[in-house]
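Reader: I'd like to go through this one with you, starting with the charged pairs and then moving on to the helices and the surface. Could you take me through it?

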Amino acid sequence: MGKEDFIRIDNVTKRFGKQIVLNNLSLSIPFTGIFGIMGLSGCGKTTLLNVIIGFWRPDSGAVYYNGINIREHQRVMNQLFGFATQAGSVYPKLTVEENLEYFGRLYNMQQQDIKKRIEELLKLVELEDSRHVLAEELSTGMYRRLDIACSMIHNPKILILDEPTGNLDPVLRKKLMALIKRIDDNGTKVIITSHLLGEIEKICDTLAIIHHGKILEMGSPDELKDKYTKDQVIKIETKKKTYENLIPYLKRAGAKNIFQKERYMYIYTRDPEKILITILSYVKSKGDELLNVEVSKPSIEEVFEAATRK
């Protein structure tokens, strides 16, 4: 099974009235790793997911799973895909366990298989102690985890998650991202959309940038960063935290962009070794002390901004 053969979108166009949401879009989703689709709100992310899953028929083009046209084999494909939407599918007046059982029946699962799968999923999403709690009484994070569990009741090969961390605080987002990683580790292919680019970068092996209904770029986070900038970012913190007089030295050493944020200074450069030597020399001459130093590539947010400016 070639990487390019797992899910292939060929020249898909989707209109709603006169508005073209997907514009002759083509994309190959690899077999391995978590696949992320990132873009601004309204750029076509959700429409693309609905076309992939077969909920919406494209006006032109086609989507293939292992070379099989999804629209021509919709019933079979429904068993292969799980989809957790932004709006969610959980029934508030049912308990956690009742929700899972209901969705199992929708997929025509045998009762013994439903019960076995419920136990697996409750453990996976850490809701074992809440099985008899009404969904409407769950916290936001627990509710979201239940929704993902419902989309996995039939043990799909591919799980599609549309903005799964939307409206969650940072702590809950981190916990949900850990769950998504566990799902991937257990062998389920995960396709995820998000406008929270810093988070999607941490979890995804491959990223695609969608903008105005087209895929602008695709690759690993590092590949995308290397394509759009060769700069590296140096983040420093000194004991005195007085950076103004350091800036001229950094500019003479070739720093391209320098700014201070809270107690840190950030320096963009293609020659981090030279900049670090300059910093160490300056700090020593001023009787200061270097408390923290980090060297990294620019963020995926900066890559996204550069790609969408083209």
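Reader: Let's start with K241, is it buried or exposed, or something in between?

Author: In this predicted model, K241 is partly exposed, because its relative accessible area is 29%, and the range for that class runs between 20% and 50%.

Reader: And which residue does K241 form a salt bridge with?

Author: The partner of K241 is E237, and the closest N and O atoms of the two are 3.3 Å apart. E237 has a relative accessibility of 9%, so E237 counts as buried, whereas K241 is partly exposed.

Reader: How many salt bridges does the structure hold?

Author: There are 18 salt bridges in the structure, and one of them joins D231 to R270, where the closest N and O atoms are 3.3 Å apart. D231 sits in the loop between α8 and β11 (232-238), while R270 sits in the loop between β13 (264-269) and α10 (272-285), so this pair ties together parts that are 39 residues apart in sequence.

Reader: What about accessibility there, are D231 and R270 buried or exposed?

Author: D231 counts as buried because its relative accessibility is 8%, whereas R270, with a relative accessible area of 55%, is exposed.

Reader: Which residues are linked in a network of salt bridges?

Author: A network of salt bridges links E97, E119 and R131.

Reader: Switching to helices, how do α5 and α6 pack?

Author: Helix α5 (residues 140-151) and helix α6 (residues 170-185) pack at an angle of about 20°, with their axes 10 Å apart. That angle is why α5 counts as roughly parallel to α6, the cut-off being under 35 degrees, and the crossing of the two is right-handed.

Reader: Then what is the angle between α8 and α11?

Author: For helix α8 (residues 221-228) and helix α11 (residues 300-309) the angle is about 55°, and their axes are 9 Å apart. So α8 is oblique to α11, and the crossing of α8 and α11 is left-handed.

Reader: Now the surface: which residues form a nonpolar patch?

Author: The patch is made by F16, F55 and W56, which together have about 300 Å² of accessible area. W56 is found in the loop between α1 (45-53) and β4 (60-65), and W56 counts as partly exposed because its relative accessibility is 33%.

Reader: You mentioned β4, so where does G61 lie, and is G61 buried or exposed, or in between?

Author: G61 lies in strand β4, and with a relative accessibility of 41% G61 therefore counts as partly exposed.

Reader: One last thing, what separates the C-alpha atoms of G61 and Y107?

Author: The C-alpha atoms of G61 and Y107 are separated by 28 Å, and these two residues are 46 residues apart along the chain.

Technical notes
Residues numbered from 1 in each chain as written. Predicted model: local features only at pLDDT ≥ 70, side-chain atom pairs only at ≥ 80, totals over all residues. Heavy atoms only, no water. Patch = residues over 30% accessible without salt bridge, like charges linked within 9 Å, V, L, I, M, F, W, Y side chains within 5 Å. Areas by Shrake-Rupley, 256 points an atom, 1.4 Å probe, with all protein chains shown as cover. Salt bridge = Lys/Arg side-chain N within 4 Å of Asp/Glu carboxyl O. Helix = DSSP H or I, 4+ residues; strand = E, 2+ residues; numbered from the N terminus. Buried < 20%, exposed > 50% of the residue type's maximum accessible area, 1.4 Å probe, protein only. Axes fitted to C-alpha atoms, helices over the stretch in contact; angles between N-to-C directions. Parallel < 35°, antiparallel > 145°, perpendicular 65-115°, else oblique. Left-handed = near helix turned anticlockwise from the far one by under 90°.
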